[in-house]
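This report goes through selected features of one protein chain.

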Amino acid sequence: MHSRPRSHPQALAPTRADPARGSGMDALLRPSGIALVGASNRPGSPGRVMVEQALGGGYNGGIFPINPRETEISGLPCHPDLAALPAPVDLAVIALGEARTEAALADAIARGIPAAVIFAGCDGTGATGDGVLARLTAMAREAGMALCGPNSMGLVNPSFGLNVMAYAPRVALRSGNIALIAQSGSAFSALTYNHDRLGFSLAVSTGREIATRSEDYLHWALDRPETGVIGLFQETARDPDRFRDALDRAEARGIPVVILKVGRSEVAAQFAASHSGAIAGNAAAYEAVFRAHNVIETHTLDDFAACLQLFSHVDPLALPDGRLSGVHDSGGEREMVVDRAEDLNVPYAVLSEHTKARLSENLDAGLHPENPLDAWGSGQDFEPKINNMMNALITDPDVGVLGLFVDIRDGSWTSGTCVAALANASAASGKPGVVVSNFSGVNHAVMASDAIAAGLPVIEGTDEGLRAIRALFDWRDARRHAATADPLPHVAPGIAAKWRLRLTKPAPLDEAEALSLLADYGIPTPRLARIATPADIDAAVAKVGLPLVIKTAASGVAHKSDVDGVIVGLHSTDEVRAAYADLSTRLGPQAIVAEMAPKGAELAFGILHDDSFGPLVMLATGGIWIELLKDRTVALPPFGPAAARRMIDRLRLAAMLTGARGRPPADLDAVADALARLSRLAADLGDLIAEMDVNPVLAGPGGCCAVDALLTPRTPST
């Protein structure tokens, strides 16, 4: 199988960290010596546990407990304070209450210790007052100290033998290739204290990140040869540019990044001025960034752990072409998994006739050579048969991953035989195998451990297993897309400069100007003319032609249909006059007439500006249902037509665009070109645009047309 190589470098000889050389992160994560401030002899206390953990990981550096009331802890000499240390240390671990933490950090800085870990929350509710966090922040930053916390659950570097934790894990930590960076102490402890199927090269509970941020840990992990996959439990990117730099580096190295992003509230969307802003939500920027950098995004801890486990075993750079083949020991559970695979868009391989013939030679009567395969019949001669069938499936040209979807259980001969057959087939073929238990409550701890030792990930839960497998395929395929040239659409010289000048003027763009902006970037728009008095109607009709639509251009009316400000299907000048009289009476004299666009499916294009990541481009199901359906996808600009086509495919509306239920198929190449052109506009001008709605964009067999546009300008921050 394609197992990612696990590097287990020997611990380096102790070296004195030198902050002047930028080695604060090494001092924090590969220290030559550790001072444990607040060490204790009281059994079960954080102070005692942190000493035991430091001693139990195989760390080769000096370990120095600090407590003025003790002389020895766990067989180690105890020192009254940092000033009494007999040797230099790189890392001070502070396990004290909030009231004493500030003084301890000051002592560490005075001692010249370049790194620290603080377990206490330091939220200002204790005796030190509300300013404690600000004071700690100022102290650490002024000293240039690498600081994990406050409110950290600790950190581990298993390949180095480093365990800095104040609470004892329930399972022994395995050394591996997963770098876990958690902005949640609970998530850190859930995965490191309980989950023996994950092998870590690094695991950090970052805490409040007052000095050292998750981005710093990301870059450090990317410098380490033992890092094979990165897991980030993320509340926010505190340094967005450095975060994206890290994702760039991960892409360059071919290291998958799995992220569980929390804080997806839509509260901020209530204040959006456009439909695009309203339906995008707070998560839009992160979605776009993740997609741009081929991040594996998850939404639960179970999915997060499943993806980390699968990607830690399987090198996706070596993953062959092909899709999923499944093996089952139950017809009923097979049907359940097939249903879920269809819902989750997990593709099954199409078996060759040669593979089917090999399967038929080993199947009992009544079973059929198909994918997924129900392999259990009478049980007679099952061991050689299941080995033959596993080998037949995994060597099929259209199979990329072979999954065993069986509720394996300790003590079961059948389960053990299936797992062994999968391990043998995977090893012989060089293709990955994965075990998925459809019921997470089955007792199979021993068998799972043996399977993992044989190179097979074991994932609990049907959905978790299927989503992880799909993520593996998606990562592989997206990387191949990224390697394919996707040139940006050409835009005439001087267009960007022209519109940058216009957008810096105080007068906002009205609909006509916004459509003119789109037209300058090559996005199809209807012919239109302005009307301010009844005398303008004849010339406007002559310019635009009949039939036409008339719309109010009243200042302050963002969504015209909400105020009955759009009248369509006007076939004569008299109808235009009557419609204009109605609009001008209700909404004022300013109006626009525009040619009737050809019928088509209604899409919406949008541009949003995110304070952290800059302009975003949105594609959505359009028309009056845009906010109700919330069928949308987002991307970072600029991108070419091929990337735009993939955005279209992600919409639920995509089936309608290809000609469902008797509709003629839309010209998706034209839609993709227009969307790519909008991305070019967003890249050129997005810093001057807060929000832009282009809705509807009518997509039909003859092309597409942007019918309406609303632009809210933005003043760039200096």
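## Terms and model

A residue is called buried under 20% relative accessible area, exposed over 50%, and partly exposed in between. Glu 370, at 31% relative accessibility, therefore counts as partly exposed. The model is predicted, and the values below are computed from it.

Strand β5 covers residues 91-94. Leu 91 and Val 93 point one way from the strand, while Ala 92 and Ile 94 point the other way. Residues on both faces are buried.

β5 has parallel pairings with β1 and with β6. Strand β1 (residues 33-37) runs parallel to β5 and is joined to it by 4 bridges; here Leu 36 stands opposite Val 93. Strand β6 (residues 115-118) also pairs with β5 in the parallel sense, over 4 bridges, and Ile 118 is the bridge partner of Ile 94. Together with helix α3 (residues 98-111), β5 and β6 make a right-handed β-α-β unit.

## The sheet of seven strands

An open sheet of 7 strands has mixed pairing and the order β9-β8-β11-β10-β12-β13-β14. β9 (162-165) and β14 (296-298) stand at the edges with a single partner strand each, so one side of each is left without a neighbour in the sheet. On average, and with direction ignored, neighbouring strands of this sheet are turned by 20° against each other.

Within this order, β8 (residues 154-157) and β11 (residues 199-205) pair in the antiparallel sense over 3 bridges. Gly 154 stands opposite Ser 205 in β11. The loop between β7 (146-148) and β8 holds Pro 150, and the peptide bond from Gly 149 to Pro 150 is cis, with omega near -5°.

Helix α9 (residues 284-292) is mostly covered, with 7 of its 9 residues buried. These are Ala 284, Ala 285, Tyr 286, Glu 287, Ala 288, Val 289 and Phe 290.

Asn 294 follows α9 and lies in the loop between α9 and β14. Its phi is near 55°, a positive value in a residue other than glycine. Asn 294 counts as buried because its relative accessibility is 14%. Asn 345, in the loop between α11 and α12, also has a positive phi, near 60°. Asn 345 counts as exposed because its relative accessibility is 61%.

## Salt bridges

A search of the whole structure finds 32 salt bridges. One of the pairs is Arg 224 and Glu 226, at 3.3 Å from N to O. Arg 224 is buried, with a relative accessible area of 17%, and Glu 226 is buried at 2%.

Glu 370 and Arg 334 meet in a salt bridge at 3.0 Å, N to O. This pair links distant parts of the chain, 36 residues apart: Glu 370 is in the loop between α12 (353-360) and β16 (373-374), and Arg 334 is in helix α11 (residues 331-343).

The side chains of Arg 645 and Asp 669 meet at 2.9 Å, N to O. Arg 645 lies in helix α22 (residues 641-650) and Asp 669 in helix α24 (residues 668-685), so the pair ties together parts that are 24 residues apart in sequence. Arg 645 is partly exposed at 29%, and Asp 669 is exposed at 55%.

A network of salt bridges links Asp 303, Arg 340, Asp 343, Asp 463 and Arg 467.

Val 566, Val 568 and Met 596 make a nonpolar surface patch of about 220 Å². Val 566 belongs to strand β22 (residues 566-570). With a relative accessible area of 33%, Val 566 is partly exposed.

Another cis peptide bond joins Asn 695 and Pro 696, with omega about 5°. Pro 696 lies in strand β27 (residues 689-700).

Note on methods: Residues are numbered from 1 along each chain as its sequence is written. This is a predicted model: local features need pLDDT of at least 70, side-chain atom pairs count only at pLDDT 80 or more; totals for chains, interfaces and linings use all residues. Side-chain values use heavy atoms; hydrogens and water are left out. Buried means under 20% relative accessible area, exposed over 50%, partly exposed in between (1.4 Å probe, protein chains only). Helices (H or I, at least four residues) and strands (E, at least two) are DSSP runs, numbered from the N terminus. Two strands pair if DSSP finds at least two bridges between them. A crossover is right-handed if, with the strands pointing away from the viewer, the path from the first strand over the helix to the second runs clockwise. Axes are lines fitted to C-alpha atoms, for helices over the stretch in contact, and angles run from 0 to 180 degrees between N-to-C directions. Patches are made of residues with over 30% relative accessible area and no salt bridge: like charges are joined within 9 Å, nonpolar side chains (Val, Leu, Ile, Met, Phe, Trp, Tyr) within 5 Å. Accessible areas come from the Shrake-Rupley method with a 1.4 Å probe; for residues, only the protein chains shown count as cover. A salt bridge is a side-chain nitrogen of Lys or Arg within 4 Å of a carboxyl oxygen of Asp or Glu.
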